[in-house]
Amino acid sequence: MRTVTITALRQTEYKDLMERLEQPLELQCEVPVGTVFRITVCRKPEGLCDSAWETLQPFCEKLLMGEGNFFDGWMQNPNAALLSCNDGFRPMSFYLEMTEE
């Protein structure tokens with residue numbers, strides 16, 4: 001059975017852009033760094049925001065189908081991807097890795 005592990009690796013904040021462009025809101029990713037989700041079907045894991053899933057979903061789907069090697073060898077591990085959510089002010093980077101059991 002194929003499993004995709006999604007790990008929240010790092011969150012970055014661009015305070016200069018937040019001050020210059022963002023409405024004064026205190027929104028932050030609610031997924032703590034180090035959180036791990038495991039999926040065997042391509043459905044958004046509970047606790048992952050819709051915005052992050054929008055970015056991750058196509059890659060999870062391909063990994064679960066046994067595809068990988070994205071962008072002609074971009075990753076050292078062809079069964080993995082490093083992606084960030086689409087929050088331009090404080091993106092969270094996620095590491096996706098497919099394993100077979």
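Contact here means heavy atoms within 4.5 Å. In this predicted model, leucine 56 is in contact with Ile6, Leu48, Leu83, Phe94 and Leu96, when its neighbours within four places in sequence are left aside. Leu56 is also among the residues with the most contacts inside the largest nonpolar core, together with Val4, Ile6, Leu48, Cys60, Phe94 and Leu96. This core has 22 residues. At least two of its residues are supplied by each of strand S1 (2-11), strand S2 (36-39), helix H2 (50-64), strand S3 (80-84) and strand S4 (92-100). Helix H2 gives the largest share, seven residues.

Isoleucine 39 is placed in strand S2. Its relative accessible area is 5%, under the 20% limit, and isoleucine 39 is therefore classed as buried. Apart from neighbours within four places in sequence, isoleucine 39 is in contact with Arg2, Thr3, Val4, Ile6, Pro45, Trp53, Cys60 and Leu64. Between isoleucine 39 and leucine 82 the C-alpha to C-alpha distance is 16 Å, and the two are 43 residues apart in sequence.

Leucine 82 belongs to a nonpolar surface patch of about 420 Å², which is made by Leu9, Phe71, Trp74 and Leu82.

Side chains of opposite charge can pair when their charged atoms come close. Six salt bridges are found in the structure. One of them joins arginine 90 to glutamate 22, with the closest N and O atoms 2.9 Å apart. This pair links distant parts of the chain, 68 residues apart: arginine 90 lies in the loop between S3 and S4, and glutamate 22 in the loop between helix H1 (15-21) and S2. Both residues are buried, arginine 90 with a relative accessible area of 3%. The side chains of arginine 90 and glutamate 22 also make a polar contact, at 2.9 Å. A network of salt bridges links Glu22 and Arg90 with Asp87.

How values were computed
Residues are numbered from 1 along each chain as its sequence is written. This is a predicted model: local features need pLDDT of at least 70, side-chain atom pairs count only at pLDDT 80 or more; totals for chains, interfaces and linings use all residues. Side-chain values use heavy atoms; hydrogens and water are left out. A nonpolar core is a set of buried Ala, Val, Leu, Ile, Met, Phe, Trp, Tyr and Cys residues joined through side-chain atoms within 4.5 Å. Buried means under 20% relative accessible area, exposed over 50%, partly exposed in between (1.4 Å probe, protein chains only). Helices (H or I, at least four residues) and strands (E, at least two) are DSSP runs, numbered from the N terminus. A polar contact is a pair of N or O atoms within 3.5 Å; within protein, one must be able to donate a hydrogen and the other to accept it, and residues adjacent in sequence count only if both atoms are side-chain atoms. Patches are made of residues with over 30% relative accessible area and no salt bridge: like charges are joined within 9 Å, nonpolar side chains (Val, Leu, Ile, Met, Phe, Trp, Tyr) within 5 Å. Accessible areas come from the Shrake-Rupley method with a 1.4 Å probe; for residues, only the protein chains shown count as cover. A salt bridge is a side-chain nitrogen of Lys or Arg within 4 Å of a carboxyl oxygen of Asp or Glu.
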